[in-house]
Number of protein chains: 2
Amino acid sequence: MDPRVHEHAEVLVDWSARIEAGDDVVLSVDEGAHDLAVAVAEKLGERGANLVTTYSSGEVSRAYLNAHDDEFESDPEYELALYEGADSVLSLSGSRNTTAMADVPGETLQTAGKAKRKIREARLDTRWVSTLHPTRAAAQQASMSYEAYCDFVYDAVLRDWETLADEMANMKDILDAGSEVRLVKEDTDLTMSIEDRVAVNSAASVDYDSHNLPSGEVFTAPDATEGTVYFDVPMTINSRRVRDVHLTFEDGEVVEFSADQGEDALSDVLDTDEGARRLGELGIGMNRGIDRFTDNILFDEKMGDTVHLAVGRAYDSNFPPGHEDEANDSAVHVDMITDVSEDARIEVDGEVVQRDGVFRWEDGFGG
Amino acid sequence: MDPRVHEHAEVLVDWSARIEAGDDVVLSVDEGAHDLAVAVAEKLGERGANLVTTYSSGEVSRAYLNAHDDEFESDPEYELALYEGADSVLSLSGSRNTTAMADVPGETLQTAGKAKRKIREARLDTRWVSTLHPTRAAAQQASMSYEAYCDFVYDAVLRDWETLADEMANMKDILDAGSEVRLVKEDTDLTMSIEDRVAVNSAASVDYDSHNLPSGEVFTAPDATEGTVYFDVPMTINSRRVRDVHLTFEDGEVVEFSADQGEDALSDVLDTDEGARRLGELGIGMNRGIDRFTDNILFDEKMGDTVHLAVGRAYDSNFPPGHEDEANDSAVHVDMITDVSEDARIEVDGEVVQRDGVFRWEDGFGG
């Protein structure tokens with residue numbers, strides 16, 4: 001086995017999820033993530049954690065969902081009990097075909113998603129971490145060779161996370177002190193309120209309220225969104241390719257939308273529920289170790305010199321204790337990314353924080 | 001996909017597990033059982049059952065167990081809750097390497113097994129069914145080509161189960177009416193009490209108290225075992241090959257044992273706990289559709305003209321209601337098989353029931 005698989009497992013278990021003896025861990029293994037699962041199981045055994053391993057297969061889900069009559073039972077008790085009792089859920093994605101669920105109707109996915117609201121909440125209440133084991137299918141989605149993709153993934157994952165966390169603290173401080181963010185670029189002039197929100201310095205560890213490995217973004221939960229935004233980075237929503245999305249917001253809600261490709265997939269997402277038309281997240285990508293788009297949100301949204309916005313569910317961690325019920329509620333959380341490396345600026349309370357991809361604390365900042 | 005995979009899934013879901021709408025199903029998927037999992041998930045979706053899919057990997061288990069310090073927590077609550085809430089557990093074995101756990105110490109397996117006693121009981125309290133998806137590793141263990149092994153498996157699984165159930169009812173009637181079984185063959189003269197026991201007509205359906213697919217055996221729970229027995233069919237215990245086992249019983253307990261190969265594995269089993277030295281099962285193999293030994297207990301013990309005995313745990317279904325607490329208790333249940341097709345006889349209360357592989361209701365019975 002590639003020694004980096006073992007290093008990946010160690011970062012996941014120790015830095016990201018902070019697993020300790022006696023922790024009740026659910027390890028979710030995708031079809032192609034077997035090798036990482038073996039390495040993670042070894043670490044969990046060393047730490048003396050308990051282990052339940054689930055199988056997360058697009059093909060199994062597709063077969064089940066497409067055969068079902070869509071009258072899904074809400075939050076089956078046995079599954080809920082598993083996640084309510086868990087201390088940590090480690091999800092190892094690793095598709096053998098990233099479009100395995102392409103022919104599951106969006107409505108079915110929505111209905112199935114809504115039926116598992118409490119189960120999703122229970123998972124999010126654990127020290128959950130999502131990561132990815134490189135597969136040939138993921139390499140293909142990134143238009144890369146498998147070897148090069150493996151290097152890409154491990155470069156992004158096996159980082160000096162403490163140093164990156166210190167760097168990102170600058171951005172967190174600015175957002176915590178600010179009340180309004182404005183994003184300006186081609187086809188884009190968007191303002192959002194971030195008053196009384198807590199920005200998260202997402203350093204790939206639950207100790208930083210960060211649940212993705214790799215990470216490297218600072219995110220908050222905006223509301224009162226007004227204006228228009230253009231997402232020029234392609235993405236995959238529910239196995240469908242979506243390109244060149246334009247959204248127009250009024251009073252915090254999407255009132256117009258379009259996409260040059262995959263508009264149906266976008267429409268399915270926005271129609272899921274009321275919260276699906278409001279923003280759940282504003283994220284500033286700051287991981288310059290991720291140096292290219294690979295059509296995978298786990299990596300793309302962390303890339304340096306990008307901004308992403310998610311419609312749908314907001315994270316509790318962006319709200320002061322006792323105010324978590326103000327978080328936008330939805331069965332979905334779908335991120336969309338825009339490149340801010342050129343002809344773009346981010347303002348907080350009228351002051352430019354980043355222009356053309358350079359932060360104001362960096363050399364070369366244009367003001 | 002081989003159309004027989006879909007037929008297999010249908011037999012499993014409908015005939016074996018009797019799945020209905022709203023059932024809470026745990027589907028346990030081995031590394032090589034993916035295709036059957038997809039077909040089963042489709043059937044479960046059609047029936048409107050709920051689905052939690054777990055991953056059962058020898059390599060994951062090995063990595064976890066060998067890294068652990070053996071101080072296992074007893075029945076972690078989150079895992080117990082999953083199985084206590086489940087209506088059915090469908091286990092799809094399908095190894096990619098049947099000896100994946102060969103270097104896990106027997107003591108570790110014992111300790112880990114003991115720590116999950118309640119979880120095991122909870123699984124056994126569901127409508128559980130174990131079956132096998134043919135893999136190249138299983139074919140290799142059977143010393144067969146993959147193609148021929150697939151034919152073997154589907155011939156055994158895709159049967160007219162109702163007709164076989166009627167045939168096996170003869171043997172159940174004899175055992176239910178009898179008090180003592182005697183088995184006589186080379187190096188073997190063993191007597192067992194079956195007084196007040198209920199024989200199970202194991203027709204591969206939970207409606208027959210039968211939990212294996214394929215099945216095709218009639219089994220009961222003997223005690224007061226006396227004498228010696230020789231198992232001439234090779235077997236694999238905890239990934240280790242075991243051959244030519246001799247056991248001597250006194251007062252129901254193994255007092256002497258030997259094996260020409262794998263005696264350590266046998267010794268580990270017998271030392272698990274007190275119940276591991278007593279019999280938990282006497283089974284009469286009656287599935288003549290299984291026409292060869294394939295070194296897999298799921299099939300071998302069902303083969304016509306064989307008898308198997310298991311040390312360890314007895315099944316509650318062999319006891320009248322209210323008497324389940326008389327069942328031999330153990331963390332293990334390990335079957336051993338002896339060929340009775342030649343120079344052998346089975347007696348019940350002194351009357352010969354089968355001689356040289358011919359039952360007394362069949363043509364050619366020698367009396």
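Predicted model: local features only at pLDDT ≥ 70, side-chain atom pairs only at ≥ 80, totals over all residues.
Confidence first. Chain A averages a pLDDT of 95. In chain A, 100% of the residues score at least 70. For the model, ipTM is 0.84 and pTM is 0.85.

Now the symmetry. Two copies of a chain are related by a rotation about an axis and a shift along it. What are the rotation and the shift that put chain B on chain A? The rotation is 180°, and the shift along the axis is 0.0 Å. The RMSD of that superposition is 0.0 Å. That is the relation of a two-fold axis. Which C-alpha of chain B is nearest the axis? That of B:Thr54, at 1.9 Å. The interface fits the picture. Of the interface residues of chain B, 100% are also interface residues in chain A, so the copies meet through the same surface.

Next, strand 1 of chain A, residues 24-30. Seven of its seven residues are buried, so the strand is largely enclosed by the rest of the structure. In a regular strand the side chains alternate between the two faces of the sheet. Take the faces of strand 1 in turn. On one side sit A:Asp24, A:Val26, A:Ser28 and A:Asp30. On the other sit A:Val25, A:Leu27 and A:Val29. Both faces are covered. Strand 1 of chain A also has a partner: strand 2, residues 50-56. The two run parallel and are joined by seven bridges. At A:Asp30, the residue opposite is A:Ser56 in strand 2.

Over to chain B, and helix 2, residues 34-47. Helix 2 has 14 residues. From first C-alpha to last, helix 2 reaches 20 Å, close to the 20 Å expected at 1.5 Å a residue. Is helix 2 mostly covered or mostly open? Mostly covered: ten of the 14 residues are buried. Among them are B:Leu36, B:Val38, B:Val40 and B:Leu44. B:His34 and B:Lys43 are on the buried list too.

Now some antiparallel pairing in chain B. Strand 17, residues 345-348, pairs with strand 5, residues 180-185. They run antiparallel, with four bridges. Strand 17 also pairs with strand 18, residues 351-355. That pairing is antiparallel as well, again over four bridges. Follow B:Glu347 across. Toward strand 18, the bridge partner of B:Glu347 is B:Val352. Strands 17 and 18 of chain B form a hairpin with two residues between them. In that turn, B:Asp349 has a positive phi of about 50°.

On to the loops. Which peptide bonds here are cis? In chain A, the bond joining A:Leu213 and A:Pro214, with omega about 5°. In chain B, the bond from B:Leu213 to B:Pro214, with omega near 5°. A:Pro214 is in the loop between strand 7 and strand 8 of chain A. B:Pro214 is in the loop between strand 8 and strand 9 of chain B.

B:Ser215 is in that chain B loop as well. Its relative accessible area is 0%, so B:Ser215 is buried. The side chain of B:Ser215 makes a polar contact of 2.4 Å with the side chain of B:Ser202. B:Ser215 also touches others, including B:Trp161, B:Asn287 and B:Lys302. B:Ala204 is on that contact list too.

B:Ala204 lies in the loop between strand 7 and strand 8 of chain B. At 1% relative accessible area, B:Ala204 is buried.

Compare A:Asp209. This residue is not a glycine either, and its phi is positive, about 55°. A:Asp209 lies in the loop between strand 7 and strand 8 of chain A. Its relative accessible area is 38%, so A:Asp209 is partly exposed.

Last stop: B:Thr163, in helix 9 of chain B, residues 161-177. At 45% relative accessibility, B:Thr163 is partly exposed. Its side chain makes a polar contact of 2.6 Å with the side chain of B:Asp160. B:Gly275 is 112 residues from B:Thr163 in sequence. In space they are 36 Å apart, C-alpha to C-alpha.

Key. Residues numbered from 1 in each chain as written. Chains lettered and ligands numbered in written order. Heavy atoms only, no water. pLDDT = per-residue confidence, 0-100. Pairing = 2+ DSSP bridges. Least-squares fit on C-alpha atoms with pLDDT ≥ 70 in both. Contact = heavy atoms within 4.5 Å. Expected span 1.5 Å × (residues − 1). Buried < 20%, exposed > 50% of the residue type's maximum accessible area, 1.4 Å probe, protein only. Polar contact = N/O pair within 3.5 Å; in protein donor to acceptor, adjacent residues only side chain to side chain. Lists of a residue's contacts leave out its neighbours within four places in sequence.
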